[in-house]
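Biologist: Can you take me through this model? I'd like to go part by part.

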Amino acid sequence: MTAQTLYDKLWQSHVVHQESDGTALLYIDRHLIHEVTSPQAFEGLKLAGRKPWRISSIVATADHNTPTTDWDKGILDPVSKQQVDTLDANIREVGSLAYFPFKDKGQGIVHVVGPEQGATLPGMTVVCGDSHTSTHGAFACLAHGIGTSEVEHVLATQTLVAKKSKAMLVKVEGELPVGVTAKDIALAVIGKIGTAGGTGYAIEFGGSAIRSLSMEGRMTLCNMAIEAGARAGMVAVDEKTIDYVKGRPFAPKADQFEAAAAYWRTLVSDEGAVFDEVVELDAAAIVPQVTWGTSPEMVVGIDAAVPNPAAESNSVKRGSIERALSYMGLAADTPISDIPLDIVFIGSCTNSRIEDLREAAAIAKGYKKANSVKAVLVVPGSGLVKAQAESEGLHKVFIEAGFEWREPGCSMCLAMNADRLNPGERCASTSNRNFEGRQGQGGRTHLVSPAMAAAAAIKGHFVDVRDWQFNA
Amino acid sequence: MQAFTTLNGLVCPLDRANVDTDAIIPKQFLKSIKRSGFGPNLFDEWRYLDHGEPGMDNSVRPLNPEFVLNFPRYKGAQVLLARENFGCGSSREHAPWALEDYGFRAVIAPSFADIFFNNCYKNGVLPIVLPAEVVDKLFAATAGNEGYKLMIDLAAQTVSTPDGQSYAFDITEHRKHCMLNGLDEIGLTLAHADKIKAFEDQRRQQQPWLFA
Ligand code: SF4
């Protein structure tokens with residue numbers, strides 16, 4: 001038998017039917033649902049008189065529209081409330097394996113909730129009407145974001161119409177310098193291959209630096225695969241994967257766990273498997289990354305400066321740089337460490353897990369936020385992350401530093417709730433997108449790791465966390 | 001879904017790379033639980049000078065005269081000419097809904113982001129990939145000729161210019177079939193219901209933990 005990539009194995013084990021042009025029907029194991037991209041799908045299903053194929057595949061939560069303060073007041077924006085209520089009504093009507101409604105202690109960002117509940121298991125196909133579904137690939141899942149028509153299609157048929165992508169291996173070897181995180185790897189990869197570099201590919205992240213990452217770190221990395229243009233990112237199973245899954249509410253129980261784990265251990269690329277493309281990075285050479293523009297590929301190291309469009313010979317690219325600098329209110333050649341911040345946001349499905357909060361708290365400990373920084377929002381990814389952080393006392397560190405400790409949700413990652421930037425405000429954000437207007441119309445976003453965000457909050461401008469003086 | 005056979009459509013050029021779905025339809029409009037009515041808010045932040053919110057009367061909002069969609073010469077455009085990596089970012093299907101609702105039936109670009117590309121087909125909007133040099137030429141031709149139209153023939157898989165140049169594009173047989181006939185994909189898939197059921201039963205036996 002020829003050597004297979006992890007992607008080959010995941011793909012092959014889910015093909016129900018294949019057309020001669022390569023279009024396949026893929027069986028879907030897990031369907032994650034949130035309020036924004038599902039109402040039209042449920043409506044379509046109903047209008048066509050169809051029933052969901054397998055409700056036990058559904059895990060749902062409300063996250064995009066939910067407020068992060070004053071939960072006792074409910075959802076004030078009537079349009080947001082209608083969307084969350086619609087999800088409630090739909091899930092109540094059709095049923096699900098699990099539902100974490102607004103204010104439930106398990107509620108949170110759908111991509112944080114799935115794994116922490118053990119609802120994301122190795123070898124699964126996972127879909128969600130959300131591009132960052134790639135996150136779940138950290139568990140050797142074939143996980144990708146789908147549109148609302150596809151949500152309806154999966155509801156009705158438990159399958160997705162798909163065509164196999166090409167396989168890319170992003171190999172990161174060596175040891176990451178202290179202070180450099182999975183987020184920096186993700187941004188460095190995007191800086192290298194571009195936001196369209198992974199288009200048409202499924203990316204497997206491999207190499208010793210990836211194996212050294214925790215599951216949280218792997219999720220951060222796979223989360224950002226979509227920002228590199230790849231619909232799916234994935235990491236092979238190892239003992240860390242299996243240990244993480246064990247004992248979680250929806251993970252297989254004692255009798256089945258060993259059988260499952262034995263299968264999961266086969267979810268690795270075979271020795272000698274051939275990839276269509278291989279990209280290599282040296283972990284030791286990665287410095288903390290900061291985006292300066294309006295696309296995640298507009299990124300440099302903390303030790304660099306904002307680029308000068310005059311140095312770009314390609315006119316389309318030069319135009320993009322000029323437009324980005326003007327939107328971002330930055331002058332060419334400004335050192336990154338000179339950029340002052342108004343707001344800091346620590347949260348989102350990229351960086352709101354317990355490990356992210358620990359990293360941020362380690363930096364913040366014993367410090368106060370800079371006076372020039374108007375607000376620092378710390379938004380845990382889920383109710384469970386929040387409870388865990390509080391049991392470790394992290395919330396106290398944040399509060400003492402003058403940061404705001406919020407309720408879980410997507411929050412200022414996309415600003416569909418009340419948390420948003422005002423025009424012209426500049427934000428260090430641990431989220432995944434720095435597009436124009438993403439965090440509020442006219443808002444300016446710089447993507448960084450949780451440690452870099454916390455350090456920027458303390459100093460009022462970007463600093464190199466590799467030089468940070470930690471308080472015990 | 002509206003079928004797509006041929007289209008002789010006015011071209012509107014959007015000369016920016018990496019146009020993301022947040023730009024195509026900003027998030028405040030995603031709160032709608034409907035599929036229609038997004039057209040007036042297509043490219044909202046570029047198109048209007050004020051900040052748009054759901055429920056506003058868009059007909060009285062101040063238009064940005066510098067944004068191409070507002071140029072009188074591109075009124076009624078059905079073909080959007082774009083640059084690389086069009087539709088990147090969020091998976092929101094509201095993006096093709098907004099394009100379709102505005103009146104665009106085809107988008108031509110050197111490359112598209114995956115999820116957006118897929119979503120287009122489900123909504124009768126044809127995404128066409130042409131080589132970057134060809135797209136460059138089309139930008140120049142659109143700028144130089146008021147009322148510039150392109151003839152798109154899906155069955156023949158060609159885009160033809162008024163001066164008789166013709167460019168071929170790729171599409172999978174499955175998508176072409178669905179687009180040409182305006183077919184509901186769920187109905188097509190359910191024709192394989194027995195196969196899906198058999199696959200599922202086998203999976204339930206082999207990996208029972210997936211069905212707990
Ligand atoms: S945190 Fe941000 S990127 Fe993640 S699901 Fe929510 S809105 Fe999307």
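This is a predicted model: local features need pLDDT of at least 70, side-chain atom pairs count only at pLDDT 80 or more; totals for chains, interfaces and linings use all residues.

Modeller: What follows is a set of questions and answers on the two chains and the ligand.

Biologist: What should I know about the numbering and the cut-offs?

Modeller: Residues are numbered from 1 along each chain as its sequence is written, and chains are lettered from A and ligands numbered from 1 in the order in which they are written.

Biologist: Which residues surround the ligand?

Modeller: The ligand has around it His64(A), Ile109(A), His111(A), Asp130(A), His132(A), Ser348(A), Cys349(A), Cys410(A), Cys413(A), Leu414(A), Asn432(A) and Arg438(A). A residue is near a molecule if one of its heavy atoms lies within 4 Å of it.

Biologist: And by class, what is in the shell around the ligand?

Modeller: Five residues are nonpolar, five polar and two charged. Here Ala, Val, Leu, Ile, Met, Phe, Trp, Tyr, Cys and Pro count as nonpolar, Asp, Glu, Lys and Arg as charged, and the others, Gly among them, as polar.

Biologist: Which domains of chain A does that shell draw on?

Modeller: At least three residues come from each of domain 1 (6-164 + 239-263) and domain 3 (289-467) of chain A. The domain bounds come from an automatic or database domain assignment, which also gives chain A a domain 2 (166-237 + 269-285).

Biologist: How many residues does each side put into the contact of domain 1 with domain 2 of chain A?

Modeller: The centres of domain 1 and domain 2 of chain A, taken over C-alpha atoms, are 23 Å apart. Domain 1 of chain A gives 26 residues to the contact and domain 2 of chain A gives 26 residues, where contact means heavy atoms within 4.5 Å.

Biologist: Back to Ser348(A) from the shell. Where is the place of that residue?

Modeller: Ser348(A) is in the loop between strand E15 (343-346) and helix H12 (354-364) of chain A. Helices (H or I, at least four residues) and strands (E, at least two) are DSSP runs, numbered from the N terminus. Phi of Ser348(A) is near 85°, a positive value in a residue other than glycine.

Biologist: What about Asp70(A)? Which loop is that in?

Modeller: Asp70(A) lies between strand E4 (58-61) and helix H3 (78-94) of chain A. Asp70(A) is not a glycine, yet its phi is positive, about 45°. With 43% relative accessibility, Asp70(A) counts as partly exposed.

Biologist: Switching to chain B. What does its secondary structure come to?

Modeller: Chain B has eight helices and seven strands. Of its 212 residues, 58% are buried. The C-alpha trace of chain B spans about 65 × 45 × 25 Å along its principal axes.

Biologist: Which way do the residues of strand E3 (residues 106-109) of chain B point?

Modeller: Ala106(B) and Ile108(B) point one way, Val107(B) and Ala109(B) point the other way, and all are buried. In a regular strand the side chains alternate between the two faces of the sheet.

Biologist: And what does E3(B) pair with?

Modeller: Strand E2 (residues 79-81) of chain B runs parallel to E3(B), joined by three bridges, and Val107(B) is the bridge partner of Leu80(B). E3(B) also pairs in the parallel sense with strand E4 (residues 126-129) of chain B over four bridges, with Val107(B) opposite Pro127(B). Two strands pair if DSSP finds at least two bridges between them.

Biologist: Which helices go with those strands?

Modeller: E2(B), helix H3 (residues 94-102) of chain B and E3(B) make a right-handed β-α-β unit. Another right-handed β-α-β unit consists of E3(B), helix H4 (residues 114-121) of chain B and E4(B). Right-handed means that, with the strands pointing away from the viewer, the path from the first strand over the helix to the second runs clockwise.

Biologist: How many residues of H4(B) are buried?

Modeller: Eight of its eight residues are buried. Their cover includes strand E7 (142-145) and helix H5 (148-157) of chain A, as well as helix H1 (21-24), H3, E4 and H6 of chain B.

Technical notes
Side-chain values use heavy atoms; hydrogens and water are left out. Buried means under 20% relative accessible area, exposed over 50%, partly exposed in between (1.4 Å probe, protein chains only).
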